[in-house]
Amino acid sequence: MIPLILDGKKVAESVYQKLLLEVSLLSFVPKITLLRVGEDPASQSYVRSKEKRCLELGLRGETLVLPELISEQELISKILVLNRDKEVNGILVQLPLPSHLNKEKVLRSIDPMKDVDGLHPENAGLLVQGNPRFIPCTPAGILEMLKFYQIAIEGKRIVIVGRSEIVGRPVAQLLLNHHATVTICHSKTKNLEEELKRAEVLIAAIGKPKFIKGDMLSPGVAVIDVGINRVDGQIIGDVDFESVSHKASAISPVPGGVGPMTIAMLMQNLCFAATLQSKKP
Ligand SMILES: NC(=O)c1ccc[n+]([C@@H]2O[C@H](COP(=O)([O-])OP(=O)(O)OC[C@H]3O[C@@H](n4cnc5c(N)ncnc54)[C@H](OP(=O)(O)O)[C@@H]3O)[C@@H](O)[C@H]2O)c1
């Protein structure tokens with residue numbers, strides 16, 4: 001079986017075409033402020049890509065680079081200033097934060113109407129209630145990709161490996177809202193292979209290179225590989241592309257799969273935030 005390759009760059013491009021039109025209808029240029037704390041190389045690269053994409057779409061993206069040793073109070077004060085700044089439509093704190101900072105406290109300080117990463121408890125709660133405002137970018141990108149390639153969700157057995165706050169949990173909630181039968185697996189799951197064999201769609205968000213092998217899956221499964229693992233200067237997914245390709249009907253590659261979708265959804269959330277704010281009296 002030759003699987004359909006789920007090309008994230010192509011899907012992202014279609015999102016950008018729609019956004020360009022949306023932006024042209026606004027009477028102002030949406031602006032996002034990205035906060036990066038410290039000099040983590042992966043964070044530097046993610047923030048650079050986000051800023052670059054803003055520029056390409058004619059949006060305003062600015063990065064505040066803050067010292068590694070910034071106190072929680074100082075960081076929260078910066079966020080509170082951005083919350084009040086009418087020029088700023090979206091705020092994103094690049095994760096992970098240095099360990100002395102309480103991530104939950106920091107994320108809670110973002111105005112939920114500017115929370116374009118969708119991680120504020122108010123936005124997470126709205127998603128759980130089936131009434132989402134800002135959906136976290138990677139889950140939103142996965143849904144967009146499934147829709148683009150017309151991979152059925154309703155009534156399908158979707159297995160998610162990983163239960164993180166940024167991927168596993170929100171993608172489970174999102175797909176449940178789209179009427180999938182969702183199973184969430186994690187490091188304490190017993191008989192993981194039994195669960196995997198039942199999957200009609202598999203979403204791997206584990207953070208372990210090539211963890212999922214072809215012999216763990218049933219033929220015809222659609223596979224979304226969220227993993228980004230840096231190994232010997234290369235980026236490797238959580239799925240062993242080679243062996244899984246022989247089983248899957250569709251598979252997203254790494255790189256070039258979910259990664260480009262994540263940034264596209266951030267841009268979409270920013271435009272949505274700007275539109276919502278422009279309607280506020
Ligand atoms: N493409 C993108 O844009 C994008 C965005 C975000 C993340 N990522 C990548 O996606 C991967 C996951 O990220 P994350 O933030 O969700 O990671 P995370 O917070 O480390 O969560 C990993 C999850 O995998 C589970 N897990 C670990 N080992 C397992 C095992 N042996 N069997 C079953 N489950 C296991 C963990 O279970 P426990 O909860 O029991 O510990 C946890 O729920 C990483 O490679 C990350 O770089 C990519």
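This is a predicted model: local features need pLDDT of at least 70, side-chain atom pairs count only at pLDDT 80 or more; totals for chains, interfaces and linings use all residues.

Student: What makes β8 and β11 (residues 250–251) a strand pair?

Tutor: Two strands pair if DSSP finds at least two bridges between them. Two bridges join β8 to β11, and the strands run parallel, so the pair qualifies. As for the names, strands (E, at least two residues) and helices (H or I, at least four) are DSSP runs, numbered from the N terminus.

Student: Why is β8 described as covered on both faces?

Tutor: A residue is buried if 20 or more other C-beta atoms lie within 10 Å of its own, exposed if 12 or fewer, and partly exposed in between, with C-beta atoms placed from the backbone. In β8 (residues 222–225), Ala222 and Ile224 on one side and Val223 and Asp225 on the other are all buried. In β7, Val201 and Ile203 point one way, Leu202 and Ala204 the other, and all are buried.

Student: Why is Gly257 called buried?

Tutor: Gly257 has 28 C-beta neighbours inside 10 Å, and the cut-off is 20 or more, so Gly257 counts as buried. Gly257 is found in the loop between β11 and α10. Leaving out residues up to four places away in sequence, Gly257 touches Leu6, Gly8, Asp225 and Ser252; contact here means C-beta atoms, placed from the backbone, within 7 Å.

Student: What makes β3 and β4 edge strands?

Tutor: Three strands form an open sheet in the order β3-β2-β4, with parallel pairing. β3 (60–66) and β4 (90–93) each have a single partner strand, so one side of each is left without a neighbour in the sheet. The twist averages 20 degrees from one strand to the next. Four bridges join β2 (residues 31–37) to β4, and the bridge partner of Ile32 in β4 is Gly90.

Student: How is α3 placed against β2?

Tutor: Helix α3 (residues 72–84) lies across β2, β3 and β4, running at about 175 degrees to β2. Axes are lines fitted to C-alpha atoms, for helices over the stretch in contact, and angles run from 0 to 180 degrees between N-to-C directions.

Student: Which residues make up the shell around the ligand?

Tutor: A residue is near the molecule if its C-beta atom, placed from the backbone, lies within 6 Å of it. 25 residues surround the ligand, and the closest are Gly162, Ser164, Ser187, Gly207 and Thr262. Helix α10 (residues 258–279) gives the largest share of the shell, three residues.

Methods: Residues are numbered from 1 along each chain as its sequence is written. Two residues are in contact if their C-beta atoms, placed from the backbone, lie within 7 Å.
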